[in-house]
Amino acid sequence: RIHSIDALEILDSRGNPTIRVMLVLDGGTGAVTSVPSGASTGQFEAHELRDGPQPDSAPSTQGHTRYGGRGVCRAVANVRDVIAPLLVGQDVRRQAAIDRIMLERDGTGNKAGLGANAILGVSMAVARAAAAAAGISLYASLGGSGARRLPVSMMNVLNGGLHAANGLEFQEFMIVPHGAPTFSEALRYGSETFHALRSLLHEQGHVTSVGDEGGFAPKLAGNETACALIVEAIERAGYRPGPDIAIALDPAASFFGHEGAYRLKVNGTPVTRTSDEMTALYAEWIDRYPIVSLEDGLAEDDWAGFAAQTAKLDGRLQIVGDDIFVTNPAFIERGIREKTANAVLIKLNQIGTVTETIAAVDAARRAGWSYIVSHRSGETEDTFIADFAVAMGGGQIKTGSLCRSERIAKYNRLLEIEHELGSEAEFISPFLHA
Ligand code: PGA
Ligand code: ZN
């Protein structure tokens, strides 16, 4: 049973405040969690509570706002003063009941009352404490004894969009080492390719500094150049583009377009494209590059464009909705009815509780959709999503590039899980056609 819950304002990988929750059970078992934060957030994500530019008790000079308004003191206070008194004495094995108590106290549709960051920190801590109390790993506690599938990773090796200031419209160019025999071998394929890409960029006179998710952020001629470079890096590392290592894209199109009008540069020239023209562009690229997955190829408000894209490319491509579904079971159900996509990105902090995130996964699973557990661009050393990906068994994770410890922490945790599972560990490509 819960003895105490406390919270702390800490910093994420971009140096912005986020929330850490410390939960202690009677008997002294404890759990600590940290909440991530996105930059290219979907419009309908659960509300991340930040302090805003209000005057603060800390001595501030005139015109100065604490952390530029991004502090999370109110969320911390909500954990300590509102959520903790409600939950002390609760049995942490009752995750759904505890999440419901917080939702009822919040009383809003989007968790703006207590803050999705406050609620999620506690929800994750409850899951972690339940595992600790049972003396088992988090993936086994959440996923049961059948949880033994290690995820294929989408590794974001070239960053653009809101995650880098290099002028590329598309946000993420990822390598997918799905042809490796095991998770640890896939990690090695990825790392070797990342380093091959570094030397390639270096030789071509590009900077090799990295963006928010650890991918390189060079100023390239255009989005398609990024795909060509990745293929070259895969070959240089000694792998076959396609069967060994495929490509996944997350253009995050909400940030350069809206329904029907996408503004981007093609061969250096600014153009405006319709949804169908964007889909035609992606279709050409699939013929030229070993692309197996396309996330947010269109904007979050472009439900019709998404459905047309899925009608055209289903069977050839994993079409993933991130900003359009925001891990919300109701939006995913609509997507299933309207055949909006064939896969969904799963981010705990888009919806705000462990229970609702599992409901989102269940909705996808029932429809035969794939689902990919994902990090945010603002992360911490917390490795919750590594265990969560194994527990949910979908066989895919998106957790960044092959550098920056907030990304590597998840990969290292997956190595531990693989080691713990031993010969029970499974690693199966979802992209056998590639
Ligand atoms: P975000 O980006 O965490 O900045 O929202 C990740 C994504 O779009 O998948
Ligand atoms: Zn995305």
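Which residues does arginine 376 touch, not counting residues up to four places away in sequence?

## Arginine 376

In this predicted model, arginine 376 touches Pro36, Ser37, Gly38, Ser40, Thr41, Glu45, Glu213, Lys347, Asn349, Gln350 and Arg407, with residues up to four places away in sequence left out of the list.

Arginine 376 is placed in the loop that runs between β13 (370-374) and α12 (384-392), and its relative accessible area is 3%, so the residue counts as buried, for which the limit is under 20%. The unreviewed UniProt entry lists Arg376 under "binding site", together with Gln171, Lys347, Ser377 and Lys398; Lys347 is also among the residues that arginine 376 touches.

## Lysine 398

Lysine 398, another position that UniProt lists under "binding site", belongs to strand β14 (residues 396-398). Its relative accessible area is 2%, and lysine 398 is therefore classed as buried, the limit being under 20%.

Beyond residues up to four places away in sequence, lysine 398 touches Met154, Glu172, Met174, Asp250, Glu295, Leu345, Ile372, Val373, Ser374 and His375. With glutamate 172 there is a polar contact between the two side chains, at 2.7 Å, while Asp250 and Glu295, also touched by lysine 398, are among the protein donors of the zinc ion (ligand 2).

## The zinc ion

Aspartate 250 and aspartate 322 are both buried.

## Helix α1

Helix α1 (residues 73-87) comprises 15 residues and spans 20 Å from its first C-alpha to its last, which is close to the expected 21 Å at 1.5 Å a residue. Along its course, α1 bends by about 35° at valine 79, and Val79 is itself one of the buried residues of the helix.

The buried set of α1 consists of Ala75, Val76, Asn78, Val79, Val82, Ile83, Ala84 and Leu87, and these residues pack against β1 (2-11), β2 (17-25), α2 (95-106) and α3 (116-134). Just after α1, glycine 89 adopts a positive phi of about 95°.

Notes: Residues are numbered from 1 along each chain as its sequence is written. Chains are lettered from A and ligands numbered from 1 in the order in which they are written. This is a predicted model: local features need pLDDT of at least 70, side-chain atom pairs count only at pLDDT 80 or more; totals for chains, interfaces and linings use all residues. Side-chain values use heavy atoms; hydrogens and water are left out. UniProt positions are given in the numbering used here, feature names are shortened, and annotations may be inferred rather than shown by experiment. Helices (H or I, at least four residues) and strands (E, at least two) are DSSP runs, numbered from the N terminus. Buried means under 20% relative accessible area, exposed over 50%, partly exposed in between (1.4 Å probe, protein chains only). Contact means heavy atoms within 4.5 Å. A polar contact is a pair of N or O atoms within 3.5 Å; within protein, one must be able to donate a hydrogen and the other to accept it, and residues adjacent in sequence count only if both atoms are side-chain atoms. Donors are N, O and S atoms within 2.8 Å of the metal (3.2 Å for Na, K and Ca); water is not among the atoms, so sites may look incomplete. The expected span of a helix is 1.5 Å times one less than its number of residues. The bend at a residue is the angle between axes fitted to the seven residues ending there and the seven starting there.
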